[in-house]
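Reader: I have the model open and want to talk through how it is put together. Start with the helix packing, please.

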Amino acid sequence: MLVAFIIQVFFYLIVFLKVSSYKKREEGGFSDPVSIIICAKNELKNLKANMPSILSQDYFDFEIVIVDDNSEDGTWGYLQELSSEHKNVSIVLRGDSNLDYMGKKGALMKGVRVAKNDILLLTDADCVATTNQWVTSMVSNFDNDTDVVLGYSPYFKEKGFLNSLIRYETFYTAVQYFSMSIIGLPYMGVGRNLAYRKLMFENSNALDRYRNVQSGDDDLLINEMATSKNVKVEMRQNSWMLSKPQQTLAKYTSQKLRHYSTGQYYKTKFKLVLGLLGGSTFLFLSLILMLLLTDDYWKSVLLLFVARGCLQFVVFKKCAKNLGESDLLLNSSVYDLVLALFTPVLTLIASYSNRNKWLI
């Protein structure tokens, strides 16, 4: 347990502290045209609700490429109306193209081919921009040395424990991939808010290599393309993309199974680092439950638990402020415990599952 505690202290003080101490930059002078790519499958309701926030972006030159992934809910008809009303909206029907690519990859590849600009900005149909400065905030990070920009995509705050748990898990994941990127070990991003250069995408064979993997259109792509020098992170509130979380435990579990199925394909160094973090968290919290029941160690164990909780609170307080999730701090230890027990089980199941549905 002491070893697990030391590992946890290392991650909080050396790694996660990078997000806590991150200084938000001023807007840069980058001003190249941008192609926003949205892949949609049966997303008519979400497109109608969220497209106004995309269309109203205050940026001098951007196009919106929407790929209809063979929807059956009237999406294509709506997109035809949308493109006739807005000159900067291009629509594409996936049709029979790239059907051997599982999940969203085939639609994404078609969207990239149609995109006219080198800077690609990705989001999903169920996401809404928090401000009309989303495009400006994300793409202002680009310069001659930057090929990838990782953004933040939180979930709407709603009532209930499941909503808080999902938001905390999203926040905690963001702290991980932001901090790892800052120290030169970028390993993932989320397709709800992600930007990269078209040329880099075209030079990568990540989607070809993982065409039979259900997920991975975002994290496996970043795992393949990102380096210690070509990635920047964007945390300013103007750049956030909000979306609705899953409403039931069953749907959330199904979603996480899809996400966790890609972890086994990460580069070895990332699997080792993430395994060390997840393993030490699981070991520490599970041993807490065991050793608190003993007569000899409960005082020492309680002391370590409190020390780790205080350290987490101090580091995460600023992280949560930066990412707008301060209300989650009070019960963070509870969420940690649930995720520590929940995540390993789902990871094992995902490793041996053959999933053939695109789950949103």
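Reader: Which way does α6 pass α10, left-handed or right-handed?

Author: The crossing of α6 and α10 is left-handed. The term means that the near helix is turned anticlockwise from the far one by less than a right angle; clockwise would be right-handed. Before we go on, the model is predicted: local features need pLDDT of at least 70, side-chain atom pairs count only at pLDDT 80 or more, and totals for chains, interfaces and linings use all residues. Residues are numbered from 1 along each chain as its sequence is written, and side-chain values use heavy atoms, with hydrogens and water left out.

Reader: Where are those two helices, and at what angle do they pack?

Author: Helix α6 covers residues 161-182 and helix α10 residues 249-260. Their axes are 11 Å apart, at an angle of about 15°. α6 and α10 are therefore roughly parallel to each other.

Reader: How are the elements, axes and angle classes defined?

Author: Helices (H or I, at least four residues) and strands (E, at least two) are DSSP runs, numbered from the N terminus. Axes are lines fitted to C-alpha atoms, for helices over the stretch in contact, and angles run from 0 to 180 degrees between N-to-C directions. Under 35 degrees counts as roughly parallel, over 145 as roughly antiparallel, 65 to 115 as roughly perpendicular, and the rest as oblique.

Reader: What about α1 and α12?

Author: The axes of α1 and α12 (residues 298-322) come within 10 Å and cross at roughly 15°. That makes α1 roughly parallel to α12. The α1/α12 crossing is left-handed.

Reader: And α2 with α3, what is the geometry there?

Author: Helix α2 (residues 44-55) and α3 have axes that come within 10 Å and cross at roughly 25°. That makes α2 roughly parallel to α3. The α2/α3 crossing is right-handed.

Reader: Changing topic. How many salt bridges in the whole structure?

Author: Ten. Each is a side-chain nitrogen of Lys or Arg within 4 Å of a carboxyl oxygen of Asp or Glu.

Reader: Which residue does Arg-94 pair with?

Author: The side chain of Arg-94 meets that of Asp-69 in a salt bridge, 3.0 Å from N to O. The pair links distant parts of the chain, 25 residues apart: Arg-94 sits in the loop between β3 (89-93) and α4 (105-114), Asp-69 in the loop between β2 (62-68) and α3 (75-85).

Reader: Buried or exposed, those two?

Author: Both Arg-94 and Asp-69 are buried. Buried is under 20% relative accessible area, exposed over 50% and partly exposed in between, with a 1.4 Å probe and protein chains only.

Reader: What does Arg-167 do?

Author: Arg-167 forms a salt bridge with Asp-327, with 2.8 Å between the closest N and O atoms. Arg-167 is in helix α6 and Asp-327 in the loop between α12 and α13 (332-351), 160 residues apart. Arg-167 counts as buried because its relative accessibility is 3%, whereas Asp-327, at 39%, is partly exposed.

Reader: Which network do they belong to?

Author: A network of salt bridges links Arg-167 and Asp-327 with Lys-157 and Glu-325.

Reader: What is the partner of Asp-336?

Author: Arg-308, with the closest N and O atoms 3.2 Å apart. Asp-336 lies in helix α13 and Arg-308 in helix α12, so the pair ties together parts 28 residues apart in sequence. Asp-336 and Arg-308 are both buried.

Reader: Backbone next. What is the phi of Asn-42?

Author: About 55°, a positive value although Asn-42 is not a glycine. Most residues other than glycine have a negative phi. Asn-42 lies in the loop between β1 (34-40) and α2 and is partly exposed at 36%. Asn-70 also has a positive phi, near 55°; this residue lies in the loop between β2 and α3 and, at 28%, counts as partly exposed.

Reader: Last one: which residues form the nonpolar surface patch?

Author: Phe-10, Leu-13, Ile-14 and Leu-17, with about 340 Å² of accessible area together. Patch residues have over 30% relative accessible area and no salt bridge; nonpolar side chains (Val, Leu, Ile, Met, Phe, Trp, Tyr) are joined within 5 Å, like charges within 9 Å. The areas come from the Shrake-Rupley method with a 1.4 Å probe, and for residues only the protein chains shown count as cover. Ile-14 is found in helix α1 (residues 2-20) and is partly exposed at 45%.
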